[in-house]
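Here is a briefing on aromatic contacts, for a reader with the model on screen.

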Amino acid sequence: MSAEGFHVHGPHDHELEHAAHGNDQFASKIAVMTAIMATVGALFGFQGGATQNDAAMFKNEAAIKKTEAANQWNFYQSKSSKQNLAELAMILPGADVEKYKTKVARYDTEKEAIKLVAEKFEAESTEWDKKSEAALHQHHRWAQAMTALQIAISLAAITLLTKKKWLQFTSYGVAAAGVGIAALAWLHI
């Protein structure tokens with residue numbers, strides 16, 4: 001027990017400390033590569049979080065546009081109801097037919113303008129949905145890259161404990177695969 005309290009080491013932490021105090025080139029290389037992989041992994045994690053936030057914001061914007069479109073379609077329906085009532089009023093005995101013809105024409109014109117606005121909002125909603133899906137796909141790529149680096153770091157820890165050269169190269173290979181996946185994320189593939 002130290003002055004600050006308990007300090008618990010994992011097996012790889014213990015090996016890293018011994019490597020730092022000794023002259024073990026194998027352990028030193030693994031330690032440096034582990035630090036590099038952890039740093040790169042942190043960057044991938046940040047990018048993954050950022051793209052996940054983007055996907056959520058884009059989906060939110062899509063929902064807002066969809067609501068605006070629904071409001072316009074409700075307005076359109078209201079004008080249709082008024083137009084139908086005006087058409088019905090024209091056939092009532094003693095009705096001012098010209099007055100109602102004017103209203104029917106006005107409602108018809110207003111409905112067309114409202115329809116264009118509603119369709120515009122629907123198209124914007126669809127675009128925001130597409131942006132959200134693309135950002136979510138990119139997020140998945142970043143998460144896959146981060147997972148590969150975490151596996152590579154775990155393999156590096158096992159390499160330190162077992163001193164197996166083939167595990168060292170496996171760790172590097174998995175890390176390289178993670179970097180490759182990150183390149184796909186960066187390129188939006």
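**Aromatic pairs and ring contacts**

The structure holds five aromatic pairs. The model is predicted.

**Phe 44 and Trp 142**
- The ring centres of Phe 44 and Trp 142 lie 5.6 Å apart.
- Their planes meet at 50 degrees, so the pair is tilted.

**Phe 58 and Trp 128**
- Phe 58 and Trp 128 have ring centres 5.5 Å apart.
- The angle between their planes is 45 degrees, so this pair is tilted.
- Phe 58 in helix H2 and Trp 128 in helix H3 are 70 residues apart, and their pair links distant parts of the chain.
- Phe 58 has 23% relative accessibility, so it counts as partly exposed.
- Trp 128 has a relative accessible area of 23%, so it is partly exposed.

**Cluster**
- Phe 44, Trp 142 and Trp 186 are linked into a cluster by ring pairs.

**Charges over rings**
- Lys 131 places its charged end over the ring of Trp 128, 4.3 Å from the ring centre.
- Trp 128 also pairs with Phe 58.
- The charged end of Lys 120 sits over the ring of Phe 121, at 4.5 Å from the centre of that ring.

Methods
Residues numbered from 1 in each chain as written. Predicted model: local features only at pLDDT ≥ 70, side-chain atom pairs only at ≥ 80, totals over all residues. Heavy atoms only, no water. Phe/Tyr/Trp six-rings, centres within 6.5 Å; stacked < 30°, edge-to-face > 60°. Helix = DSSP H or I, 4+ residues; strand = E, 2+ residues; numbered from the N terminus. Buried < 20%, exposed > 50% of the residue type's maximum accessible area, 1.4 Å probe, protein only. Lys NZ or Arg CZ within 6 Å of the ring centre and 35° of its normal.
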